[in-house]
Amino acid sequence: MITNTELEYKGDLYPSKIVSFEYEVDSVNFYTDNKVILRVTILRDSLLRFRFTTKGYFSKDFSYAIDKSHSHGYNHLAVKEETEYYEILTSKIKCHIKKSDLRITIYDLNDTIILQDELGFHWEENYEFGGNIVKTTKHAQEGECYYGLGDKATQMNLKGKRLENFATDQYAYQKDQEPLYKSVPFYIGLHNKQAYGIFFDNTFRSFFDFCQERRNITSFWAEGGEMNYYFIYGPEVKEVITTYTDLTGKPELPPLWALGYHQCKWSYYPESKVKEITSKFRELKIPCDAIYLDIDYMDGFRCFTWNKDYFPDPKRMVAELTEEGFKTVVIIDPGIKIDPNYWVYNEALEKDYFCKRADGPYMKGKVWPGECNFPDYTNPEVRQWWAGLFKELISEIGVKGVWNDMNEPAVMEVPNKTFPMDVRHSYDGNFCSHRKAHNIYGMQMARATYHGVKKFSYPKRPFVITRSAYSGTQRYTSSWTGDNVATWEHLWIANIQVQRMCISGMSFTGSDIGGFAEQPTGELYTRWIQLGVFHPFCRTHSSGDHGNQEPWAFDEEVIDITRKFINLRYQLLPYLYTMFWQYIEDGVPMLKPLVYFDQDDIQTHYRNDEFIFGNQILVCPILEPNAVGRRMYVPRGNWYNYWTNEYIAGGKEVWVDTKYDEIPVFVKAGAIIPKYPIQQYVGEIEFDELTLDIYYFEGKEKSQVYEDAHDGYDHRKGRFSYLSFQTTGRPKDLIIQLHKEGKFETPYTKYRINLIGLPFKVTGIEIDNAPTVFDVSTFENVLIIPKEFNSLRIIGE
Ligand code: MIG
């Protein structure tokens, strides 16, 4: 429930006129005669930071979101004074700041308005807590659309909506319910083919209103802190997202197994049950790489302990699971049981690491273990201590990943479901109350967990997953969308949420496949797994209250279809891994909503369902029962139906027939899709061929394949293999050029090439300009050739 609105606040105060300005290196300060100062920092030609104070000076600058290694530097900067305004000019944009009231207008170099203040910055003093409620209002431009903001369970385009950022445990949330688990105060605006972004780096409870309260006004405000936002100019949506992701940071590559299929439930115990589940996967030949232990593996829900009745010898069990190719992931919550016989509690107590109330007592709240205290993860010393707690789990027992839950933080049996607002936090030396620390509590817990898991997994790569997050959390961990429900509407929500997380800098995300609460029908589960295999993170999870949710909990047909789709994911692992690499290198989102793919086509602006998986695969889930197909929009370009290899020209809405064991999937013409053989888990088999599905296109297209050892850090020393392909199709031939970079020698020696959609009959093949021995009569458009080539020409007549 959103309790207040921008206009309900009383007593708004406004900046006064500019009396002087000062220009230092990359920043310009504008002083007014009522203590308001605006500091504009030029970080890049298309990235400006706007920071306001109402005190006459700025407090210490500190942010958990900003990645210290983000790129900055500009090509051009000029600041000049005109009669009515000051102008800041870079090689990409022009920014005017009005002398009379500090209002800001940003133009492109053709004088088109990109973003313009309405009232601009204004504020209201907060009597109860001190400080200000800080607000900004902007004009919406004609036809403007809005995207982003993390995990919001609503339409992709946020126009007409008001949203709230206050991390909240929302069990069985509904469509449009606010707020949810994550706070990502970043949005993308798009109008007149131009995109820009706003990142409001303020961790207090914040609100965004996209033309809901007032028809042509966009506003954002927070209940404390500074008006401090970054403006990112596109003009491409892609540029906005990659710049935002660069600013707030990128993750490291996960181990490849983390991109496999994961099986989870609340809870698998005792050990015999865990083994029964993992054996069944192998028996049914459904690939699976990870098995999760939810809270019941612990002794009385005490973190870093084991229930020895259920798991008498965790080290042996984990080793046996590893033998079968299963990586064990365990849950760790923030609540530490108040128990004088519990070492973690005693250590934290002794070191004074728990959060305290304003007047001194420890913050006490009920969670699964009963009454708990909660570590203050915003204290660097606490984070270091927490990281150290993972030693036994990771180094000795052999656990491979850690799952952080309840870190909004969630507290039971209290009206606001979280800490009281007076709780104190270190905030890395910037002491504050929970009002300011709430939205980053989960992030700092996941950060500490990541450092612990990484430290003890080294030289292997860590895997962490979190429920709560703030901007920048992607540097440390993957995430899931929390406690969804086994309904068709939630399948629709999951599809949008994961796309939205991808364009909000957090690609490594998935939903609980099948729904967490309640029980899916076999059909719903099937439709969900068919979508889930195209999500960066792919895990079935359920509360277990309503029966089983393993692929075999339904009927034979569901088992077969689940296997078929998980097999497909395992075949596509090199494609997924390449997507991930493009994400960590360039900040490119792993899934792209259609508006990202083609922002100039207004048909894409309100689309929710269709998305691009990586760069070249178009996916559209089936979201209704009894479907024999669906209508969908195929974006402009040329495509092949993945199942039938039929060619289709895009830029139109079409009906696509699908059987129960299919959803609409299309491959971009000209693409080269790399595939591994089906394995039951990553690294199960050694293989000598990389499959390349090549989709003919009369024209040019580029494709890439990134590979390395799939774990460890050798790739950072150049031991990776990066293949870039260019296909050139002409009426009578197809040329594939290959350029290889990197020092990693892939274990396979050959490519198995499937030629799809050739408009001609093949009569000859040339490798590096030399003809090869070729038998026209037996050739079926499949070709096996050594992997070392520079150019391949398929000749036809
Ligand atoms: O209060 O650990 O979202 O995935 O299975 C419920 C038990 C606590 C909520 C998580 C869910 C997990 C469950 N947890």
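1. The largest cavity in this structure, which is a predicted model, has a volume of about 150 Å³. Sorted by class, the lining of the largest cavity has 11 nonpolar, 3 polar and 2 charged residues. In total, the structure holds 5 cavities of 30 Å³ or more.

2. The domain assignment divides the chain into domain 1 (4-234), domain 2 (261-333 + 389-408 + 433-586) and domain 3 (686-796). The centres of domain 1 and domain 2, taken over C-alpha atoms, are separated by 36 Å, and 45 residues of domain 1 are in contact with 38 residues of domain 2.

3. The largest pocket has a volume of about 840 Å³ and is lined by 36 residues, of which Phe204, Gly224, Gly225, Glu226 and Lys436 lie nearest its centre.

4. The lining of the largest pocket can also be described by the elements that contribute to it. Strand E4 (47-53), strand E10 (132-139), strand E27 (432-433) and helix H7 (434-457) each supply at least two residues of this lining, and the largest share, 4 residues, comes from E4. By class, the residues of the lining of the largest pocket divide into 12 nonpolar, 14 polar and 10 charged.

5. The second largest pocket holds about 690 Å³ of space and is lined by 29 residues, with Val682, Gly683, Ala709, His710 and Asp711 lying nearest its centre. At least three residues of the lining of the second largest pocket come from each of domain 2 and domain 3. Its lining has 13 nonpolar, 8 polar and 8 charged residues.

6. A pair of helices deserves a separate look. The axes of helix H8 (residues 488-503) and helix H9 (residues 522-532) come within 10 Å and cross at roughly 5°. Since angles under 35 degrees count as roughly parallel, this crossing makes H8 roughly parallel to H9. On the H8 side the contact is made by Trp488, His490, Leu491, Ala494 and Asn495, while H9 brings Glu523, Leu524, Arg527, Trp528 and Leu531. Taken by class, this contact of H8 with H9 has 6 nonpolar, 2 polar and 2 charged residues.

7. In the loop between strand E12 (162-165) and strand E13 (182-183) lies proline 179, which is joined to glutamate 178 by a cis peptide bond with omega of about -20°. Alanine 172 lies in the loop between E12 and E13 as well, and its phi is near 50°, a positive value in a residue other than glycine.

8. Another cis peptide bond joins tryptophan 266 and serine 267, and here omega is about -5°. Serine 267 is found in the loop between strand E19 (262-263) and helix H2 (271-284).

How values were computed
Residues are numbered from 1 along each chain as its sequence is written. This is a predicted model: local features need pLDDT of at least 70, side-chain atom pairs count only at pLDDT 80 or more; totals for chains, interfaces and linings use all residues. Side-chain values use heavy atoms; hydrogens and water are left out. Axes are lines fitted to C-alpha atoms, for helices over the stretch in contact, and angles run from 0 to 180 degrees between N-to-C directions. Angles under 35 degrees count as roughly parallel, over 145 as roughly antiparallel, 65 to 115 as roughly perpendicular and the rest as oblique. Contact means heavy atoms within 4.5 Å. Ala, Val, Leu, Ile, Met, Phe, Trp, Tyr, Cys and Pro count as nonpolar, Asp, Glu, Lys and Arg as charged, and the others, Gly among them, as polar. On a 1 Å grid over the protein atoms alone, a cavity is a set of points where a 1.4 Å probe fits but cannot get out, and a pocket is an open set with protein on both sides within 12 Å along at least five of seven lines; lining residues have an atom within 4 Å of a point. Grid points are joined across faces, edges and corners, and a volume is the space filled by probe spheres set on the points. Domain bounds come from an automatic or database domain assignment.
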